Amino acid sequence: MDTISLKIPITIKAKLTDKLRARIVSELTESLKRVDMELGQLDIEERKVLAEQGHNDIQRMQAIRAHFDQEREQRAEFKEDTQKRLEDTNHLAPGAEIVQGQLERIVEVKIGDNIRELMNVEILVEDDKVVAIRS
């Protein structure tokens, strides 16, 4: 066997423009609004469930509270991470390259190929247009 097909990752980076910054800030702001609404809804649901249970079964009430506390904690962590990303985005210099994700490509590899050159490929995008393919 002299050749083999491999799936190799490609890093997608975006050049930070005013348009991209505005889109990221908008998405993060919407996420923050959504998580705030979810936190408020959790409080309402917890009160409702506790009221329906009555005050007789203390273990059951503790389990319900623990469940809602866990849900609140998850959303609070998400909110904190999102706020940090928003802050970081606002501090990035125009033209900064930010990782947007990864894709995969199929590559035919043969004996003698430099695997490092095949593996280290990235695509740079500016305002949704490919501006460079680097290896």
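This is a predicted model: local features need pLDDT of at least 70, side-chain atom pairs count only at pLDDT 80 or more; totals for chains, interfaces and linings use all residues.

Analyst: Residues are numbered from 1 along each chain as its sequence is written, and side-chain values use heavy atoms, with hydrogens and water left out.

Helix α2 spans residues 58-91 and α1 spans residues 18-53; helices here are DSSP runs (H or I, at least four residues), and strands are E runs of at least two, numbered from the N terminus. With 34 residues, α2 reaches 49 Å from its first C-alpha to its last, close to the 50 Å expected at 1.5 Å a residue; the expected span is 1.5 Å times one less than the number of residues.

The two helices pack at an angle of about 170°, and their axes are 10 Å apart. The axes are lines fitted to C-alpha atoms over the stretch in contact, with angles from 0 to 180 degrees between N-to-C directions. The packing angle therefore makes α1 roughly antiparallel to α2, a term for angles over 145 degrees. Sorted by class, the contact of α1 with α2 contains 14 nonpolar, eight polar and 13 charged residues; Asp, Glu, Lys and Arg count as charged, Ala, Val, Leu, Ile, Met, Phe, Trp, Tyr, Cys and Pro as nonpolar, and the others, Gly among them, as polar.

Within α2, the buried residues are M61, I64, F68, R72, T82, L86 and T89, where buried means under 20% relative accessible area, exposed over 50% and partly exposed in between (1.4 Å probe, protein chains only). These buried residues pack against α1, contact meaning heavy atoms within 4.5 Å.

Charged pairs also join the two helices. R72, one of the buried residues of α2, forms a salt bridge with E46, with the closest N and O atoms 2.9 Å apart; a salt bridge requires a side-chain nitrogen of Lys or Arg within 4 Å of a carboxyl oxygen of Asp or Glu. Because R72 lies in α2 and E46 in α1, this pair ties together parts 26 residues apart in sequence. E46 counts as buried because its relative accessibility is 11%. A further salt bridge brings together the side chains of E38 and R75 (3.0 Å, N to O). That pair links E38 in α1 with R75 in α2, 37 residues apart. E38, at 32% relative accessibility, counts as partly exposed. A search of the whole structure finds 14 salt bridges.

Conventions
Angles under 35 degrees count as roughly parallel, over 145 as roughly antiparallel, 65 to 115 as roughly perpendicular and the rest as oblique.
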